[in-house]
Amino acid sequence: MYNAPYLRQNNSVSRVMLKVMLALLPGLAAYVWQFGIGILIQLLIASVVALVCEAAMLRVRNKPISRYLLDGSALVTAWLIALSFPSIGPWWMVALGTAIAIIVAKHLYGGLGQNVFNPAMVAYAVMIVSFPALMSQWPAPHLSGAEQWQLILGNERVLDAISSATPLDALRTGLHSGHGTVSTVTHGHAAFGWLGGQGWEWIILGYAIGGLWLMQQRVITWHIPCALLAGAAAVAGLLWGIDSAHYAAPWFHLASGGIMLGAFFIATDPVSGATTPRGKLIFGAAIGALIVVIRTWGAYPDGVAFAVLLLNICVPLIDMYTQPPVFGHKKD
Amino acid sequence: MGHTDRAPLLRKLFNFHGGVKPNANKQQSAAQPICTLPLSREYVVPLHQSIGGTPQPLVVAGDRVLRGQRIGAADGNVSSAVHAPTSGCVVAIEERLMPHASGLSAPCVVIEADGLDEAAPRENFDWRSASPDAVRDYLRDAGVVGLGGAVFPSHLKLKANNSIGLETLIINGAECEPFITCDDRLMQEKAREVIEGVALMAHLMQAKQTLIGIEDNKPDAIAAMQAAAQTAGQSNISVVAIPTRYPAGGAKQLIRVLTGIEVPHGKRSTDYGVQCFNVGTAFAIRDALENGLSLTTRVVTVTGNVERPGNYWVRIGTPMHELVEHAGIKPGTERWLMGGPMMGIPMPSLDVPVVKATNCILAGSAELFAAPEPEMPCIRCGECAQACPADLQPFEMYWHSRARNFGKAQEYHLFDCIECGCCSYVCPSHIPLVDYYRFAKSEIWAREKDKTAADQARDRYEFRNYRIEREKEEKAARLAAKTAAGRAAIQASQQTVTGDAAPSETADDPKKAMIAAAMQRAQAQKAAAQPQNTEHLTPAQQAEVNDAEARRARARELADQDAQSIGKTSPSADTPNKMAD
């Protein structure tokens, strides 16, 4: 016996997660096109580790394994980890990160729907603090498949020849050395492309296309991505307006690093994010602003993970103070 | 009168937040005209068929009743009368199973039809010359209640707020629930009567304008109603097509769509200058006032998994199984719902009667309504909040209801929830959200009941303490009055003896007076008691006592002499006592 309503929309958690994974495909395709198959190997490693850890934790917690395993949430976490980690990192790095995300950040907090922090960003934060050097080795464009295979699964790492600093890293190092300006650092540097990083512009475009499709599918709302990008652009624009020689342009920030992945796929994680319309705007804008602040003055080249985690802490407060007025109690 | 047909195009409509668009499934039952169900052998008329008090039965077993005869009188003003659906014999007044999910029984008048269907003589009532109060009383006694499903007594709603009047009378023909088509068919077939009823209500309430809201998936009903309004020359009645979106037919949502006004939870819509009635109610009000017919029939949609889905004129009290047998029971029916698939309630059995609230009987099969998928954890995706027509945050209410944190659930406006089911409909985790709200609400009501009981117990206890205190004070006052009288007497006697009492100092202080009186009494008693030991002595004893007294006196003299001679105080008082012991 169950009660009304007897009609249900054809929707499920698995469907939502499947759509998120589909939406990641354009960005993933651009990644492979620009940087080779390394990312696919990482994606595979992360997926297998995520499913194994998820199954083990479900067994320990006495939950129905097949139902929860098929919900797809572990795979989404795995994919986000693979996409935010350097694609030529050693295999154990992405594996360890995924295990931390699934076991600690997800299941020790109570499993699906209960985690306070974004699991993928917990993994990223733990790994970049623990292995800052390895987490900063990004592939140079057009690295061969064999070389990537060797880097990920082999024992020796011959780095200097094949890895490259990201544009954010290059700019940071250049500016911090004391006598560079944005134009002298970027001019003629191989890492820089038309707007942001060489090759990364395409990946970011892919993420944006996938994200817009998620909006059209009503999986996410416009609030967080728009507020996040606007918040980042506002802070970056302000700094650039004051001193364009020492601060990068807002479009450079939007076209570099993890910001687009963060805006459409990470900050929009509903479990750990704000839920009210106004709350989502505050949440997104604050993350965007913090990303630029961390990039500019922080100790790490990119700040998406720390910005998201910091705002995850604020979610209960933001939600509490941004409850929308209910029917009949609106002030027109 | 081009007004009525152009109005839908010109009128500005408002949007309500949320809502869903399930498959309407109206075509199955909407195509055929309304049939009249043949007379049943037995009718079971529940006495309680409206919000408010349970009517008192006016008949006893063995009475012959006629169609339309009142068999239950409204219990107070918030109640509504019930009537015999046909002529026949009252065979019992007893508890029968109700069309309610709880499976509870309630008192019913059971009538065995005699097949003559003889009507009771109609009362002559000229509503045009009657006072508004008399019209309302008449409708109460005619048993007219809201036929949209809420069965609120209509006479109570036919009253504008005196200070602001009625700006807009809204007639609800939206019929937003899937499957249900009884209002649709009624508007198509009885448009003239409905419009007359609407005009009558507008007149009674002195409405400045009247808007009839119909979802735009019912073009035939819209056309019929527009034509009828035009023919009737009712220029201030507008038939308005509204976008089809569940729950546009919720009273509050419809008021919002047509006027932009949001009536908050717990407030009367007339305080905002609007009132809302169902089209079926308009028809029933006209039937009562123009034809003297009390409410004994209504249109019921029978649809879903049945052979012949359609609409029927059904007498109130008809056993539900007769109606569905008429429509043809099909194998595979798992449940029978009263109402639609979004808010309908499962019937405990088909032995229940059709009541005034029965707008639809829906046969549910596994094909029509798939069994719910297993519940998954809430992922806070917010789909429910986007679908909620009351602008609530359903997932927050769910978290708190589930944690039995009912106070917090109320802070998130649990009681503003209209239980429309939109949140459950969209939930990707298949959480039966509305069930959680129903659970939380019933728990809160139970706690309030407990609290009321506790409050009453505390009140009783406090009253008991107060009573004891009061009795004490009364006793003290009585005592004080008594002692005052006693003291006066004692004073009088004492003044003759000592003359040194100071009654004026203590007279104004009852406590002091009491103490003084008590001391005086004690002294008097002591004085009186002292000689008691030596009273009534025999002569021999008296001689002994005299002897002892003489010895004492001698000893005292000796002691006094000693004391004087050796210059130290003697325990003169003790000595004689010791000697006496």
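Predicted model: local features only at pLDDT ≥ 70, side-chain atom pairs only at ≥ 80, totals over all residues.
**Two domains in chain A**

Chain A splits into domain 1, covering 11–164, and domain 2, covering 197–322. Where the two domains touch, domain 1 of chain A puts in 30 residues and domain 2 of chain A puts in 28 residues.

So what builds the domain 1 side? Three helices of chain A each give two or more residues to it: H1 (13–35), H4 (73–84) and H6 (119–130). Helix H1(A) gives the most, with 14 residues. Sorted by class, the side of domain 1 of chain A that touches domain 2 of chain A looks like this:

| Class | Domain 1 side, chain A |
|---|---|
| Nonpolar | 22 residues |
| Polar | 7 residues |
| Charged | 1 residue |

**Ala207 in chain B**

Now over to chain B, where Ala207(B) belongs to strand E10, residues 207–215. Is Ala207(B) buried or exposed? Ala207(B) counts as buried, because it has 24 C-beta neighbours inside 10 Å, and the cut-off for buried is 20 or more.

Which residues does Ala207(B) contact, once neighbours within four places in sequence are set aside? The list is Leu166(B), Thr168(B), Leu169(B) and Ala202(B).

Technical notes:
Residues numbered from 1 in each chain as written. Chains lettered and ligands numbered in written order. Domains from an automatic or database assignment. Contact = placed C-beta atoms within 7 Å. Helix = DSSP H or I, 4+ residues; strand = E, 2+ residues; numbered from the N terminus. Nonpolar A, V, L, I, M, F, W, Y, C, P; charged D, E, K, R; others polar. Buried ≥ 20, exposed ≤ 12 C-beta atoms within 10 Å, placed from the backbone.
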